[in-house]
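Biologist: I would like to learn how to read a model feature by feature. Can we go through one together?

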Amino acid sequence: MQGKNGNIAIKIDRLYKSFGSLQVLKAISAEIAKGEVVALIGPSGCGKSTFLRCLNLLEKPTSGKIEINGQEITDPKINVNKIRQNVGMVFQHFHLFPHMSVLKNIMYAPVTVNNLPKQEAQEKAMALLKKVDLVDKADVFPAKLSGGQKQRVAIARSLAMEPDIMLFDEPTSALDPEMVKEVLDVMQAVSESGMTMAVVTHEMGFAKEVADRIFFLDRGKIAEDAPPDVFFSNPESPRAQQFLAKIL
Ligand code: ADP
Ligand code: MG
């Protein structure tokens, strides 16, 4: 699918989102290019998850327009399931199917949603497990995995639908410290394969090294949009300066 803006993956135009009287996102406009990695950072409660969830319609925007590869997903006639297949999401708490083996977790959507023949789905799942270095866990159930392994399975499961865009909402926040790196390494490899990514993270090392751009969200707005070297060495707004002073 190629729109009139051929190299733009995500175009957001005056996005608003409220929960009742609570206005969470306020006139967010932004563009993310194909293959770009954007790190979303900002204080707790500023709207990072809500913003991410609007991008695959897990939340319905109150107003504004979002285009994915030139297609307006905020059009009321859109097929929401199609959009979610194309825009994968990885959550803090993995959300694996507990009653299925690792292999079945990864095969499930390609087989049931895309009608991929089982044999093909299995080959694909094994190739993805190789990518996330978990081939030996194919027949294991999620309860037997470490947090880092669970999250790598969740990433593989998302990739099995061959999305154009991947969203990550604090993918390493629930992990023991020694497991953070193995997940960040897989995310970096995904980014190097050319994936367009938006990543909510507190891992500033990752944001610096892997992200092409930082969005600093503050009170429902993108307060700063800058390359990491600029953002981390010379944040413009006092709010970003305060935020960085607290976490670095
Ligand atoms: P962040 O991810 O940056 O911590 P969130 O996007 O989760 O922030 O939340 C932003 C604000 O919206 C918070 O005040 C939160 O309580 C509120 N909020 C988030 N989801 C809902 C919801 N489903 N219903 C009501 N309020 C919500
Ligand atoms: Mg959040």
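Modeller: We will take a lysine, a ligand site, a valine and a helix in turn. Keep in mind that this is a predicted model.

Biologist: Start with Lys 17. Where is Lys 17 found?

Modeller: Lys 17 is part of strand β1, which covers residues 8-19.

Biologist: How do I read its charge? Which side chain of opposite charge is nearest to Lys 17?

Modeller: A salt bridge needs a side-chain nitrogen of Lys or Arg within 4 Å of a carboxyl oxygen of Asp or Glu. Lys 17 is buried and has no salt bridge. The nearest side chain of opposite charge is Glu 59, 4.0 Å away.

Biologist: Which backbone oxygen does the side chain of Lys 17 reach?

Modeller: That of Lys 60, at 2.7 Å. Lys 60 is also among the residues that Lys 17 touches, and so is Glu 59. That list, which leaves out residues up to four places away in sequence, also includes Leu 22, Val 24, Thr 50 and Cys 54.

Biologist: Now the ligand. Which residues are around ligand 1?

Modeller: Among them are Phe 19, Leu 22, Val 24 and Pro 43, along with Lys 48, Ser 49 and Thr 50. Next, sort the shell by element. β2 (22-33) and α1 (48-55) each supply at least two residues. The largest share, three residues, comes from α1.

Biologist: How much of the accessible area of ligand 1 does the protein cover?

Modeller: Ligand 1 has 560 Å² on its own, and the protein covers 58% of that.

Biologist: Next, Val 183. Is Val 183 buried or exposed?

Modeller: Buried means under 20% relative accessible area. Val 183 has 0% relative accessibility, so it counts as buried. Val 183 lies in helix α6, residues 177-192. Its contacts beyond four places in sequence are Gly 148, Gln 151, Arg 152, Ile 155, Thr 172 and Leu 175.

Biologist: How far apart are Val 183 and Cys 54?

Modeller: They are 129 residues apart in sequence. In space, the C-alpha to C-alpha distance is 24 Å.

Biologist: Last, a whole helix. Why is α3 described as largely enclosed?

Modeller: Count its buried residues. Helix α3 (residues 102-112) has 11 residues and eight of them are buried, so the rest of the structure largely encloses it. Val 102, Asn 105 and Pro 110 are among the buried ones.

Biologist: Which helices do the buried residues of α3 pack against?

Modeller: They pack against α4 (118-131) and α5 (147-159).

Methods: Residues are numbered from 1 along each chain as its sequence is written. Chains are lettered from A and ligands numbered from 1 in the order in which they are written. This is a predicted model: local features need pLDDT of at least 70, side-chain atom pairs count only at pLDDT 80 or more; totals for chains, interfaces and linings use all residues. Side-chain values use heavy atoms; hydrogens and water are left out. Helices (H or I, at least four residues) and strands (E, at least two) are DSSP runs, numbered from the N terminus. Buried means under 20% relative accessible area, exposed over 50%, partly exposed in between (1.4 Å probe, protein chains only). Lys and Arg count as positive and Asp and Glu as negative; His and the chain ends are not counted. A polar contact is a pair of N or O atoms within 3.5 Å; within protein, one must be able to donate a hydrogen and the other to accept it, and residues adjacent in sequence count only if both atoms are side-chain atoms. Contact means heavy atoms within 4.5 Å. A residue is near a molecule or strand if one of its heavy atoms lies within 4 Å of it. Accessible areas come from the Shrake-Rupley method with a 1.4 Å probe; for residues, only the protein chains shown count as cover.
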